[in-house]
Amino acid sequence: MEFKISRDFIAQIEQLISENKGNELEGLLHEIHYADIAEIMEELDDYEASYIFKLLDSEKTAEILLELDEEVREKILSNLSAKEIAEELDELNTDDAADIIAELPQSKKEEVISELEDVEHAKDIVDLLRYDEDTAGGLMGKELVKVNENWNVLTCVKEMRQQAENVSRVHSIYVVDDEGRLKGRLSLKDLLTTSTKTPISEVYIKKVDYVKVDTKDVEVARIMQKYDLEAIPVVDELGRLVGRITIDDIVDVIKEEADKDYQLAAGISQDVEADDSILELTRARLPWLVLALLGGFISVRVLGLFDGAMENHPELFFFTPLIAAMAGNVGVQSSAIIVQGLANNTLSGSLWNRLLKEVTLSLLNGLILGVILLIGSHFLLNVNFMLGITVTVALLSVIVTASVLGTFIPMTLNKYGIDPALATGPFITTSNDICGILIYFSIAKMILGF
């Protein structure tokens with residue numbers, strides 16, 4: 001059952017810290033999961049959070065470090081010596097340790113690495129630090145179980161027992177040659193049911209999914225999601241096995257990518273959170289709000305071009321919000337579906353086939369909505385027939401145009417390496433608002449003849 005952190009519980013912890021009752025506090029936190037302790041620490045001030053961190057043993061605090069918000073973790077680490085940080089990192093897997101070291105100032109990185117007791121652990125961490133954080137090399141950990149294709153089953157089992165001591169979870173057993181090149185994977189069932197004298201080369205599975213060190217993290221996530229993998233091996237430029245990526249790292253990538261796309265779709269240009277400073281939130285939100293304002297100026301200018309329409313048919317004005325809203329909604333719907341398909345790699349066919357499908361769909365939707373609008377405007381709003389026809393034709397045209405733009409723009413952005421999620425936010429709604437108003441009054445001018 002999930003642990004619920006109440007205000008009373010936080011107050012109890014604050015009181016124990018103020019009274020310096022470390023033993024009681026340690027007993028209170030003993031059975032609480034490290035992820036929940038991280039949440040508790042984020043509710044406390046810097047002194048109280050540091051008090052708890054120094055109170056608990058390294059085995060638990062190392063895991064807490066990974067769960068802390070980046071800003072809180074930075075403050076905690078700033079109060080620790082290089083040796084104390086190294087003690088925490090000795091308890092972590094290489095990929096997690098490398099992530100934390102990467103956040104430290106350059107001068108402190110070298111100090112911490114020099115204080116690591118396990119030389120092999122330190123070498124692995126240094127090796128990981130040379131990869132970009134958004135690549136497979138930046139995600140992978142060095143902890144894995146591998147066997148040589150030239151060993152027999154008995155030798156394989158002995159070696160696996162030694163290697164498994166440093167691996168928290170054994171997802172797969174990888175097979176390599178004498179040069180360390182990845183050859184395949186070994187089924188635990190085959191290992192248990194095969195004679196101890198049988199060479200591994202006769203029983204291992206040659207087909208194995210893998211990624212290279214420079215593969216982008218989003219591509220790694222897509223592959224693991226597609227093939228339902230708990231872990232995937234990573235090879236270098238020569239095909240040598242250098243690490244593995246586990247599902248917990250990929251969940252973080254998927255979440256970060258989803259957060260980024262959601263914020264882009266909402267018109268937020270930077271990765272921000274609700275607790276960030278007003279200045280950071282302003283920098284993230286203001287650019288798109290300025291774009292929306294400029295779009296509003298253009299919309300007003302477009303309306304000004306048709307001031308004659310307002311004089312001769314003032315009732316046209318009352319349908320303007322409806323046309324603009326429908327244009328924005330249809331554009332967002334179309335672009336959202338395309339962006340989702342691009343993200344999941346499920347789009348098939350050419351751009352023109354996709355556009356043809358969207359035009360057909362939008363024509364069908366437009367006809368249905370147009371009939372509803374025509375009937376509703378005549379019987380509910382007492383609009384004359386020609387005006388009703390004008391608004392209906394405009395609505396159909398706007399829906400088709402918005403659908404085409406909502407399809408074409410994200411696919412074009414993706415083709416040129418720009419995040420297509422950009423097309424699901426204010427960019428598409430603003431452009432469709434302007435196009436919708438222009439189309440509406442142009443059609444009104446043609447039909448009503450003002």
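This is a predicted model: local features need pLDDT of at least 70, side-chain atom pairs count only at pLDDT 80 or more; totals for chains, interfaces and linings use all residues.
Residues are numbered from 1 along each chain as its sequence is written, and side-chain values use heavy atoms, with hydrogens and water left out.

Now to Asp209, which sits in the loop between α13 (188–193) and β4 (211–212). Is Asp209 buried or exposed, or something in between? Asp209 counts as partly exposed because its relative accessibility is 25%, given that buried means under 20% relative accessible area, exposed over 50%, and partly exposed in between, with a 1.4 Å probe and protein chains only. Leaving aside neighbours within four places in sequence, Asp209 is in contact with Tyr227, Leu229, Ile232 and Pro233, where contact means heavy atoms within 4.5 Å. The C-alpha atoms of Asp209 and Ala231, which are 22 residues apart along the chain, are separated by 9.6 Å.

Next come the charged pairs, and here the general point is that side chains of opposite charge can pair when their charged atoms come close. The structure holds 13 salt bridges, each being a side-chain nitrogen of Lys or Arg within 4 Å of a carboxyl oxygen of Asp or Glu. One of them joins Arg222 and Glu219 at 2.7 Å, N to O, and both residues lie in helix α14 (residues 217–226), three residues apart, about one turn of the helix. Arg222 is partly exposed at 21% relative accessibility, and Glu219 is partly exposed at 30%.

Another salt bridge links Asp236 with Arg240, the closest N and O atoms being 2.7 Å apart; Asp236 counts as buried at 8% relative accessibility, whereas Arg240 is partly exposed at 37%. Elsewhere, salt bridges that share partners join Asp46, Glu71 and Lys75 into one network.

Turning to Ser50, we find this residue in helix α4 (residues 46–55), where Ser50 counts as buried at 12% relative accessibility. Apart from neighbours within four places in sequence, Ser50 is in contact with Ile76 and Asn79.

What forms the nonpolar patch on the surface? Leu286, Leu289, Val290, Leu293, Leu294 and Phe297 form this patch, with about 590 Å² of accessible area together, the areas coming from the Shrake-Rupley method with a 1.4 Å probe and, for residues, only the protein chains shown counting as cover. Patches are made of residues with over 30% relative accessible area and no salt bridge, like charges being joined within 9 Å and nonpolar side chains (Val, Leu, Ile, Met, Phe, Trp, Tyr) within 5 Å.

I will end with Leu316, in the loop between α17 (307–312) and α18 (320–344), which is buried with a relative accessible area of 0%. Leu316 and Lys83 are 233 residues apart in sequence and 74 Å apart in space, C-alpha to C-alpha.

Definitions and conventions: Helices (H or I, at least four residues) and strands (E, at least two) are DSSP runs, numbered from the N terminus.
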